[in-house]
Structures are given as structure tokens and as C-alpha cells.
Amino acid sequence: MSTDIYGVRVLAVHPDELRIRFRIFAVYYDTAGQTYGPVPDDPSFFFSLLWEQGPLYELIDVDTRLNGEWVDANARRFVSRVERLATRNHPPTPEQWKELHDFYYERDGGWKDEDLLVQFDYDVYVTDRRWIELFSEDEAWGTTALPYNADVWTAEDAPYIPDLAEPVLTVSPFDVTKGEVEYDHVSGVEFSDDGRYLGLCSDKGRVWVYDTADWSQVVHLSTGEDWIVPLMAWVPGEPVITLKNYCSEPDEDDRTQWAYDVDARAEVEAPFQPPLCQTAVIHGTHESF
């Protein structure tokens with residue numbers, strides 16, 4: 001059984017206005033550290049509440065509901081706006097902390113010492129009356145839901161938001177070298193710091209660079225090195241793209257790096273930065289970071 005983090009009570013339901021009013025209680029505290037869950041202002045949190053007790057449960061499976069990235073990207077399809085109306089006991093006073101317990105559980109629609117609990121009232125606006133019309137006033141339950149970081153936009157923003165369901169651009173670097181190298185594929189994609197260039201590298205050490213102004217290909221070449229999973233990166237603030245082995249031993253002799261200045265169209269020297277998964281010897285053992 002999971003420990004509830006918040007308590008939820010429905011204060012009012014207005015399907016014709018696409019609006020439901022909630023009171024949210026913090027019911028899980030670390031009284032020793034004097035902490036509790038974050039203020040749940042995010043639409044993702046209220047999407048989770050609608051899913052727990054409403055018809056969204058029939059439309060969206062559990063795995064999808066627990067996928068934070070999906071919830072962040074799609075919560076606004078169901079929750080159009082959240083307005084916090086009232087805040088109580090946030091944060092608790094030193095005297096209140098002395099009276100609080102670590103855990104509170106819903107019993108018969110309420111919680112022990114409700115007036116003492118950190119709590120917030122919200123009006124939540126939804127995109128369809130179906131999402132709220134099955135809720136009833138004074139309905140209450142405990143939840144383990146947490147707020148994520150949902151996309152925030154308004155109806156006025158909608159015409160300016162690109163539809164990511166359709167690609168804006170398709171880049172096909174292998175089309176120009178088809179058949180030249182077997183068993184090769186793109187392993188890295190990075191924009192330069194200033195956004196002027198898009199760089200790609202392959203497992204076999206081939207590099208492409210596109211000019212983002214018109215998406216023309218400005219570089220296509222092979223580095224000529226035998227890479228162990230090549231790691232690509234741009235030199236900060238410079239039009240210089242680099243490749244190195246993704247995982248190499250911490251050996252001063254093993255610092256192979258290829259660097260290319262896209263503006264100058266020439267190979268150059270660049271400061272060597274250890275790969276992210278470089279192996280380090282710490283206290284006599286090998287640990288990766």
C-alpha cells in the first residue's frame with residue numbers, strides 16, 4: 001500500500017462552466033526536517049486526479065498515466081487552466097510543526113486535524129464536461145499523485161505552437177552515401193551553441209553538418225579514425241565540431257580527438273575534454289560517471 005502524499009476533496013462541480021473546485025491537503029510530512037510535498041499548482045497534478053476518479057481512467061491506461069513525459073505533453077488536452085484561490089498553513093508556524101504528524105489518512109471523507117494541515121483551494125477548468133460530470137460535491141480521497149511540469153499554454157497561444165506530430169524537416173544524410181559503408185547509422189545529433197549548424201555523426205566516424213539558415217549540407221566527410229562508439233560535441237562558443245571515443249580508459253596516451261572548424265572548412269586542434277562516461281579510479285576501484 002502506497003502512502004498518500006495529498007488529500008483531495010471536491011468542493012463544487014460546474015460541468016456547464018467546465019469547472020471543478022478542489023481542496024488539496026498535504027497529508028505526508030517529514031516533521032523532523034519540516035518538509036512536505038510541493039505546492040500542486042501544475043495542470044499535470046489535476047490531470048492525475050481526474051484520471052483517478054473520473055472517466056479518463058477508461059480512456060487512458062495505467063502505463064500511460066504513469067509516463068511523466070506523456071503527462072507533461074498532454075495534460076493540457078484535458079486541463080485548460082488552474083487557478084489557486086486560497087492557501088492555508090503554508091508554511092506551518094513553529095508551533096504548528098510541533099502538532100503535525102508525519103502521516104494522515106482519509107477516514108470517512110476527512111482527515112484528522114484538518115484545520116492544521118497545509119491546504120490549497122483551486123478552480124480547475126477542463127476541456128470537456130465529460131471529465132468532471134461524474135464527480136460529486138464532498139467526494140474525498142487520498143492520492144500519491146505528484147505535480148510534474150506540464151506544458152503551459154493558452155488558447156491564444158495555440159495558433160503559434162507547431163504541431164510536433166508532423167516533422168518540420170527531414171534530414172537524410174545517408175541518402176548521399178548509400179552503399180558506401182555497411183552497418184552504419186547516425187549515433188549523435190547536436191546543434192552548435194549559436195544554432196547556426198546542426199551536426200551529425202555516425203558509428204563509423206562520418207560527419208555531416210547542415211546550415212540551419214537554409215538546411216544546406218556544408219560538411220560531409222570521414223574522420224578516418226577507428227572510433228569506439230564516437231562521441232560528438234561542439235566546442236563551446238566556436239563553430240568547431242569534435243569526435244572522441246565515448247568510453248576510453250583514463251590514460252594520457254588515449255586522448256584521441258578529431259576536431260573540425262566548419263567556418264574554415266579545415267581540421268584543427270581543440271582542447272580535449274574527457275568523455276562523459278570516462279572511467280576513473282577512485283579509492284582503488286573503478287567507477288563510471
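**Cores and a hairpin in a predicted model**

The largest nonpolar core has 42 residues, and F22, I24, Y29, F46, F47, L50 and L117 have the most contacts inside it. Such a core is a set of buried Ala, Val, Leu, Ile, Met, Phe, Trp, Tyr and Cys residues joined through side-chain atoms within 4.5 Å. Buried means under 20% relative accessible area (1.4 Å probe, protein chains only).

This is a predicted model: local features need pLDDT of at least 70, side-chain atom pairs count only at pLDDT 80 or more, and totals for chains, interfaces and linings use all residues. Residues are numbered from 1 along each chain as its sequence is written, and side-chain values use heavy atoms, leaving out hydrogens and water.

- Helices (H or I, at least four residues) and strands (E, at least two) are DSSP runs, numbered from the N terminus.
- α1 gives the largest share of this core, six residues.
- Another core, of 13 residues, lies apart from it; C201, V209, M232 and Y260 are among them.

- Leaving out residues up to four places away in sequence, F46 touches F22, I24, P40, D41, V79, V82, Y122 and V124; contact means heavy atoms within 4.5 Å.
- F120 is found in strand β6 and is buried, with a relative accessible area of 3%.
- F120 and L85 are 35 residues apart in sequence and 7.4 Å apart in space, C-alpha to C-alpha.

**The hairpin**
- β10 (206–211) and β11 (216–222) pair in the antiparallel sense over six bridges; pairing needs at least two DSSP bridges.
- D211 has S216 in β11 as its bridge partner.
- Four residues lie between the two strands of this hairpin, and W215 in the turn has a positive phi of about 60°.

How values were computed. Buried < 20%, exposed > 50% of the residue type's maximum accessible area, 1.4 Å probe, protein only.
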